[in-house]
Amino acid sequence: MSRVIGIDLGTTFSCVAHLSPEGPKVIPNLEGMATTPSMVCFTSAGEILVGNLAARQALANPEKTIFAIKRLIGNKYSSPAVQEARPRLTYGLSEAPNGDVLIRAGDRTITPQEASSHILVYLKRCAESFFGEPVTECVITVPAHFDDHQRQATKDAARIAGLDVLRVINEPTAASLAYGLNRNPDGVVAVYDFGGGTFDITLLEISGGVFHVLATAGDNFLGGDDFDQRIIDRLRADFLSKHGIDLGSNPYNLQRLKEAAERAKRDLSFTAITEVNLPFIAADASGSKHLQTAITRANLEEWTRDLVERTLPLMDKALHESGLTANKVAEILLVGGQSRMPLVRKKVGEFFGKDPNTQINPDESVALGAAIQSGVLEGNGAKDIVLLLDVTSLSLGIETENGEFEKIIDKNTTIPCRKTKSFTTVDDNQRRVRIHVLQGEGSRALENTSLAMFDLVGIMDAAAGVPRIDVTFEIDADGMVRVSARDVLSGREQKVSVHPSSGLSPQQVENIIEREKKKAH
Amino acid sequence: MINEDRKIQDEKDVLSAPSAEAAAPEGAIPAPPVEPDSAGRKKTSEHRNHKNNKDHQKIKSLKAEIEALKKDLEQRTREAAAAREEVETARKESLEWKDRTLRAMADTDNFRKRLEREKDEFFLFSLSDILKEFLQVIDNLERALDARDASDGFREGVELICRQMLDLVGKRGVTLIERPDGRFDPNVHQALLTEEAEGIEEPMIGEELQKGYMLNDRLLRPALVKVLMPKKN
């Protein structure tokens, strides 16, 4: 029985925590900070830098500094998510033979799984240095909308990092655990997650300790960084109109502006007014110029109101999808640093007609929830959450005649689960059926994500529509899918674990681990 | 007293209870009972019948007794097995508890160590935030000095204030980061801009835009630098 850690592997920042005797606690990184930038860099000297170190040299080495891996992991190169993220990346992307996206960092091409594993290795090291003993097991969180490929790829990243993933749990579920909502009476919880680069709203139904994702919506490109940028733009414009000098033309000045903007934003969550003082920021013939201004909370709200309001229709969308009204939501949890903003709290409160929960540090709550789950799996602590179940986020099924999609497991089914449906042949004496496993909500196969394809051969000769082929879907507690097809008459059966058409095969994962081991020697 | 009486009473009962049949050794076929007056008496068939009957009864009751004893043995065997099982369970439990206790002790010990370390760290680094704010004031004083070329009494005064501030943070463990070799090191430097340069093999610092500081052995704030990158062929 070794230590189990809980990991929140974020788009911009990651956080690791454990369950201590007095409750879940964040494990600081090697520089003493609670969160670590989710960045990896390959230096020209062949070194791999992670976290703050990678962030510090990012500008000097942009094409080899990898960030926002979470936008890529488990995705196809041609997927909208990847194509949308692409213009914002400083490094290259390419396509693997199976269609997966690959990262090109200078002359090196690696999978997102490997890139992510470097961050996990670093977090593992932080935990090992904290405990003074090896750590080999973890619970890891993923967004509720992650599909099987993304989940499996995240698991593979952990495997490559030398961590066994005991459980993959949804981020909003983890936040609910951190708030102890599993002990509450059954009800609906809204988790409003406003991070540095992404916004997610998830509606969860908790009943008898089981977490159902009722609906999830979000904006992949809306986050706290947008708020900082608004302040920077405003300060820059004011200075330009006042002194005729553009501070943006000098990277050092821009950096000073950025730091000042971040600080002003933070201050204004607690005070009504803050002063920005940047003396000697520029000079011209008439002498030194100083940036000196006061920003009120009302100013900031005016500049960023539209950003906050962009989250409202997304909440409507999630409510609509779940078929609920706002007053049916029993608890609201605020997660992610940007949720500290008073305007956010006010708007969310107004939307649901009740005050949101804000007691737990919104940067840490997901990792803390993962730590609670890890403690349960470790056999420690809270015995009252023995079982933590999740639900499928997307429907699963197979392609049928004329490219139709037949759902076998509906979305939001509690896992682990198993379901069988019977199918038949289209032609007389058809000996072979192709089982095309798909995931999604579209009624046509084409509109959904292909997970795997396999053939069942040796079906006994019979007229079309006579043979009975039972297709069984099975999802385990981690959300991994196994599909089997069986010809009832002949007893012939074919099985597949989902991900041969995408991601890394278990053999590939082993190969990478071997390669890393060799490198280490 | 009552108990004493009762006991005696019991003993009397015991003594009086066994009949000739019951006195036979356990499990053995009973020998014919000794008839003290058999020698001179004429045995009647009635008598014989009576005797047969008696033997029969004796065998029957002995059989019953064997049966009872067998059952008793089985019962005891079962009880012994149950007891063994109980002992085994208890042994396992005790081992588990021992393991847990050791683990808890180790945990407590590690926890204590960690608490101590955290206390030390708190002592060493709790001032980080305020010291960083001080450094910004120092930056601004230095900027003011840079902006004024003339060497006069006013400048000297500001220089003194700047030194005073540096001395203040220095006493709290803040030290300036200096890299005589001029190499770019992301452990302590943050790249703000880059430039390609001839004749270098690895990234070097072109210019230090803002000083970096350590707090004890930990980075308080990286130096902001311009990095010279080796020219690509």
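**View 1. Helices α3(A) and α4(A) cross in a right-handed way.** Handedness here follows a simple rule: a crossing is left-handed if the near helix is turned anticlockwise from the far one by less than a right angle, and right-handed if clockwise. This is a predicted model, in which local features need pLDDT of at least 70 and side-chain atom pairs count only at pLDDT 80 or more, while totals for chains, interfaces and linings use all residues. Residues are numbered from 1 along each chain as its sequence is written, with chains lettered from A and ligands numbered from 1 in the order in which they are written. Helices (H or I, at least four residues) and strands (E, at least two) are DSSP runs, numbered from the N terminus.

Helix α3 covers residues 112–131 of chain A and helix α4 covers residues 148–160; they pack at about 55 degrees with their axes 8 Å apart. That makes the pair oblique, the word for whatever is left once angles under 35 degrees count as roughly parallel, over 145 as roughly antiparallel and 65 to 115 as roughly perpendicular. Axes are lines fitted to C-alpha atoms, for helices over the stretch in contact, and angles run from 0 to 180 degrees between N-to-C directions.

On the α3(A) side, look for A:Pro112, A:Gln113, A:Glu114, A:Ser116, A:Ser117 and A:Leu120; they meet A:Ala153, A:Asp156, A:Ala157, A:Ala158 and A:Ile160 of α4(A). Contact means that C-beta atoms, placed from the backbone, lie within 7 Å. Sorted by class, that makes six nonpolar, three polar and two charged residues. Ala, Val, Leu, Ile, Met, Phe, Trp, Tyr, Cys and Pro count as nonpolar, Asp, Glu, Lys and Arg as charged, and the others, Gly among them, as polar.

**View 2. Helices α6(A) and α7(A) make a right-handed crossing.** Here residues 224–243 (α6) and 251–267 (α7) of chain A pack at about 120 degrees, with 9 Å between their axes. The two helices are therefore oblique to each other. From α6(A) come A:Phe227, A:Asp228, A:Ile231, A:Ile232, A:Leu235 and A:Arg236, facing A:Leu257, A:Lys258, A:Ala261, A:Glu262, A:Ala264 and A:Lys265 in α7(A). This contact has seven nonpolar and five charged residues, and no polar ones.

**View 3. Chain B meets chain A.** Here 26 residues of chain B touch 19 residues of chain A. On the chain B side, α2 (45–125), α3 (128–147), β2 (189–197), β5 (218–221) and β6 (223–230) each bring at least two residues. Strand β2(B) gives the largest share, six residues. The chain B side has 16 nonpolar, six polar and four charged residues.

**View 4. B:Pro222 sits in the loop between β5 and β6 of chain B.** This proline is buried, with 24 other C-beta atoms within 10 Å; the cut-off for buried is 20 or more, 12 or fewer is exposed, and in between is partly exposed, with C-beta atoms placed from the backbone. Beyond its neighbours within four places in sequence, B:Pro222 is in contact with A:Arg56, B:Val188, B:His189, B:Gln190 and B:Gly212. B:Arg114 is 108 residues away along the chain, and the C-alpha atoms of B:Arg114 and B:Pro222 are 27 Å apart.

**View 5. The chains in brief.** Chain A has twelve helices and 28 strands, and 46% of its 521 residues count as buried. Chain B has four helices and six strands, running α-α-α-α-β-β-β-β-β-β from the N terminus. Of the 233 residues of chain B, 11% are buried.

Conventions: Contact = placed C-beta atoms within 7 Å.
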